[in-house]
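Open the model in a viewer with side chains shown. The stops below concern aromatic rings and the charges placed over them.

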Amino acid sequence: MASDQHEIRERVKQLLEKPGNGNCADCGAADPEWASYTLGVFMCLSCSGLHKNIAQISKVKSVLLDPWSSSEAEFMESVGNNAAKAKYEKIVPAFYYTPTHKDCTLLREQWIRAKYERKEFQCVKRQEPYSAGYREGFLWKRGRDNGQFLSRKFILSEREGVLKYFNKHDAREPKAILKINTVNATFQPTKIGVNNGLQITYLKDNSTRNIFIYQEDGKEMVDWFNAIRAARYHYLEVAFPGASKSELLQKLTRNYIKEGYMEKTGPKHTEGFKKRWFTMDDRRLMYFKDPLDAYARGEVFIGSRENSYIVLPGLPPNIQGYHWQFGITIVTPDRKFLCACETEKDQKDWIAAFQTVINRPMQPQEYAVEAYFKHKP
């Protein structure tokens, strides 16, 4: 009996060698060691925990540790990740965000529920919440000055090319109008301190403005996120008619290259260093007094190496006033920005982040952004 069990488990284990089965069916993580024996897919440990939330549909086992019956092994053989993908991801809209193992739990859980529980990608009608081009509802928005979350009405209109919100439920005029062409959205539950927390940014007079929102219902929040991506996708299709689909998809929403605390000094390098929260958003390096501030204290454009932007470890000699020992000097054509990190690892991570931006050639439209920064008062 034990030898039979060993033989069956080895059969299941060998299935991991088949094309498609060597990565998690849901987040793409390498070397999955768990499986749903009711769906026929292999997955990572993290996604197996999310499958347990839909236990009526998906029952999971460890490939290496749990006992397997021969009928379960046969079912796994007959399906596998590639066949399941063809079935459950048959019509995923181009703009829909498919999460990776690096993404937050909310995105991964709702992706799993959308595929297997709601079967959204087998029926176009089920995609209306994010593909209709119009969406309205109430979201909890963090107040700019008091930090309290209050219910606000939001409307997304693809036809008008805007996302707007209202301070009062019966207000006729919106409190703010965010143009879709500058909007970005990224999930930030840890930073915001609430589950399902979404950070939305947009440009106001070419400066970045932050809005922090959430909804208790995880599906609602992910639907808003994908509705924003859909609106941006259709805007970009018109704005860049010659661009390929893959080029457009890269522009829909973006996660920040890096965020965290550093110390910085002023332009004259004679004043003391102050601790600030830094965000590297594409080519915009912003610093805030508090991570949840609506506006940055300052924004710096980071161009490319060809345009005389470089980053150096350490600080120039004779610089004083910093508490953290691991310095970084950012050299732009106009001036040097001096920062200090708490640890050597932070210093290396920030330098690597800056290098990824500096090593990338500038796009034609980025020269216009650089010119604005140079002439900013």
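**Aromatic stops**

The structure holds 21 aromatic pairs; rings of Phe, Tyr and Trp (its six-membered ring) pair if their centres lie within 6.5 Å, and planes under 30 degrees apart count as stacked, over 60 as edge-to-face and the rest as tilted. Select Tyr96 and Tyr130: the ring centres are 5.1 Å apart and the planes are at 65 degrees, so this pair is edge-to-face. Tyr96 is in the loop between helix 4 (81–88) and helix 5 (105–117), Tyr130 is in helix 6 (residues 128–131), and the pair therefore ties together parts that are 34 residues apart in sequence. Helices here are DSSP runs (H or I, at least four residues), numbered from the N terminus. Both Tyr96 and Tyr130 are buried, that is, under 20% relative accessible area (1.4 Å probe, protein chains only).

This is a predicted model: local features need pLDDT of at least 70, side-chain atom pairs count only at pLDDT 80 or more, and totals for chains, interfaces and linings use all residues. Residues are numbered from 1 along each chain as its sequence is written, and side-chain values use heavy atoms, with hydrogens and water left out.

Next, select Trp111 and Phe121, a tilted pair with 5.4 Å from centre to centre and 45 degrees between the planes. Trp111 is in helix 5 and Phe121 in the loop between helix 5 and helix 6, ten residues apart. Trp111 and Phe121 are both buried.

**Charges over rings**

Move to Lys258, whose charged end sits over the ring of Trp350, 5.2 Å from the ring centre; the criterion is NZ of Lys or CZ of Arg within 6 Å of the ring centre and within 35 degrees of the ring normal. Finish at Lys264, which lies over the face of Tyr287 at 4.4 Å from the ring centre.

Methods:
Helices (H or I, at least four residues) and strands (E, at least two) are DSSP runs, numbered from the N terminus. Buried means under 20% relative accessible area, exposed over 50%, partly exposed in between (1.4 Å probe, protein chains only).
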